[in-house]
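Here are my notes on this model, point by point. Have a look at the structure first, then read on.

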Amino acid sequence: PNPIIHEATVSAPTNIACIKYWGKANSQYNTPINSSLSVSLDQTDLRAVTTASASSSFDRDRLWLNGIEVLDASTSKRFRACVDGVRALATDKVVVDPATGAKCVVVTKDEWSGMHVHIASYNTFPTAAGLASSAAGYAALVAALVRLFGAEESYPGEFTAIARQGSGSACRSLHGGFVAWRAGGKKSDWSDSIAEQVADELHWEEVRAVILVVSDAKKETSSTDGMSDSVATSELLAFRAREVVPKRMNIIEEAIKAKDFESFGKVTMMDSNQFHATCLDTYPPIFYMNDVSRSVVQMIHMYNAWAGEIRAAYTFDAGPNAVLYTLDKHVVELLALVLKYYPAQSEDLVGDYVSNLALAQKA
Ligand code: PMV
């Protein structure tokens, strides 16, 4: 066998939704019952870094997460969908001889399809604690494979549709800035369920995300299990998907375009609250937020009431951790407030973050 190992390394950011995805329309294609919108957190601390390699000397597909091999990876439906999906779009690898300008095909499209892959992925933030680590992970996996195989889309957004099959929210992490995942469903193969950028990372540079890690324990109910229970039992969820989210998608896209933090913050908080209300409306109910999470909600409403405007907005995913969106000019004030309310927990953290603003992720 040819011992050459081809490899590519990329990173992808995590993303935190302002309009939440909750509920699958089709579990085979992993498509949602409603559109969603998120901000990609473009900061080195919250990224997954993935190296994908391929060689005809590899005898099977293998995956390592944070240095530990995941033994059943190659049979996982999600992993297979990403690897097989991107490999099917591989193109010939061509190198140009710098001396003569002659082009030489070093790997043909067909040769790629006969090669197994080895994937090594790292992330630096709590896995499965509701901080969207799977989003960054699957987005980095797809992006690394795209680079490795020189893959080309057969329709716009196809790579995001592949990442979606790894983890729904991963499709949004293939773009920076503000990203919408259009629910789709008009096409029978769901090729219209794709993510697209609403505004890039330079459009509204003042936006910051402050992450309050309430707990880094693994969440009790996985998003997949939670969603299927909610779809099966929550009438509120069906109403939300049909009546509420389409309006909120318009509101938030307008707010982002106009850089209107008042409107952006309000709809973000309302949508987080409604998502957790659908969890409570699920039977039996699901609780992702805890008492500390709820105290953060109260703190932010008191802060905004004191300021007479919305200066910070909270949002919670499938776990107790808070993500606070704010503007650059309010970060220090907001962190001072966090330090006052949670002195024992945040003394070291906030001191560190005020000095290097590591917690104030530049969104
Ligand atoms: O992509 P998943 O299956 O991990 O689901 C993500 C669900 C939420 O994080 C709660 C909401 C969202 O839109 O990211």
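1. Which residue stands opposite S36 in β11? W181 does. The two strands involved, β4 (residues 36-41) and β11 (residues 178-181), run antiparallel and are joined by four bridges. Strands here are DSSP runs of E with at least two residues, and helices are runs of H or I with at least four, numbered from the N terminus.

2. A word on the source: this is a predicted model, where local features need pLDDT of at least 70, side-chain atom pairs count only at pLDDT 80 or more, and totals for chains, interfaces and linings use all residues. Residues are numbered from 1 along each chain as its sequence is written.

3. Now the sheet. It is open, with eight strands in the order β7-β6-β10-β5-β1-β4-β11-β12 and mixed pairing (two strands pair if DSSP finds at least two bridges between them). β7 (68-69) and β12 (195-199) are the edge strands with a single partner each, so one side of each has no neighbour in the sheet.

4. On to the helices. The axes of α1 (residues 77-87) and α3 come within 9 Å and cross at roughly 25° (axes are lines fitted to C-alpha atoms, for helices over the stretch in contact, with angles from 0 to 180 degrees between N-to-C directions). The pair is therefore roughly parallel, a label for angles under 35 degrees.

5. As for the contact itself (C-beta atoms, placed from the backbone, within 7 Å), C82, V83, V86 and R87 in α1 meet residues of α3 including Y138, L141 and F149.

Definitions and conventions: Parallel < 35°, antiparallel > 145°, perpendicular 65-115°, else oblique. Contact = placed C-beta atoms within 7 Å.
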